[in-house]
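Dear colleague,

Please find the structure below, handed over for your study.

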Amino acid sequence: RLADVMAARARWAAAERLLRRSLELDGDLHEAWYRQATALRRLGRDADADEAMGQFMATRNRLRPDLGFPE
C-alpha cells in the first residue's frame, strides 16, 4: 500500500521501486502488476509497462478466471 501513497503523491519512481519489490516477494499479486504498469507508463517506460500489463493479464487470468468476460 505504500506504493499507492507514492503514486498518489506522483512519486512514480518510488512507487515503481516498491511495486517491483512486492512482485519479487510474490509474483502472483496481479493488482501489483497492474499498478506497476501504470507507474512505468508514467515514467515513460512504455515497453516495460506493456510487459507488466501482460503479466497482470496472465496472472489474473490464471488466478481469477471468473473475472473474465463471458463469451
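Which residues make up the largest nonpolar core? There are twelve in all: Ala3, Trp12, Leu19, Leu23, Ala32, Trp33, Ala37, Ala39, Leu40, Ala49, Ala52 and Phe56. A nonpolar core is a set of buried Ala, Val, Leu, Ile, Met, Phe, Trp, Tyr and Cys residues joined through side-chain atoms within 4.5 Å. Two or more residues of this core come from each of H2, H3 and helix H4 (46-63), and H3 gives the most, with five. Helices here are DSSP runs (H or I, at least four residues), numbered from the N terminus. In soluble globular proteins, nonpolar side chains tend to be buried together.

Please note that this is a predicted model, in which local features need pLDDT of at least 70 and side-chain atom pairs count only at pLDDT 80 or more, while totals for chains, interfaces and linings use all residues. Residues are numbered from 1 along each chain as its sequence is written, and side-chain values use heavy atoms, with hydrogens and water left out.

Leucine 23, a member of the core, is in contact (heavy atoms within 4.5 Å) with Leu29, Ala32, Trp33 and Gln36, leaving aside neighbours within four places in sequence.

Glutamate 16 lies in helix H2. Glutamate 16 counts as buried because its relative accessibility is 4%; buried means under 20% relative accessible area, exposed over 50%, and partly exposed in between (1.4 Å probe, protein chains only). Not counting residues up to four places away in sequence, glutamate 16 touches Gln36, Ala39, Leu40, Leu43 and Arg45.

A search of the whole structure finds one aromatic pair. Tyrosine 34 and phenylalanine 56 form this pair, which is edge-to-face, at 5.2 Å centre to centre and 65 degrees between the planes. Rings of Phe, Tyr and Trp (its six-membered ring) pair if their centres lie within 6.5 Å; planes under 30 degrees apart count as stacked, over 60 as edge-to-face and the rest as tilted. The pair links helix H3, which holds tyrosine 34, to helix H4, which holds phenylalanine 56, 22 residues apart. Tyrosine 34 is partly exposed, at 41% relative accessibility, whereas phenylalanine 56 is buried, at 12%.

Finally, by class, the lining of the largest pocket has six nonpolar, one polar and four charged residues. Ala, Val, Leu, Ile, Met, Phe, Trp, Tyr, Cys and Pro count as nonpolar, Asp, Glu, Lys and Arg as charged, and the others, Gly among them, as polar.

Yours sincerely
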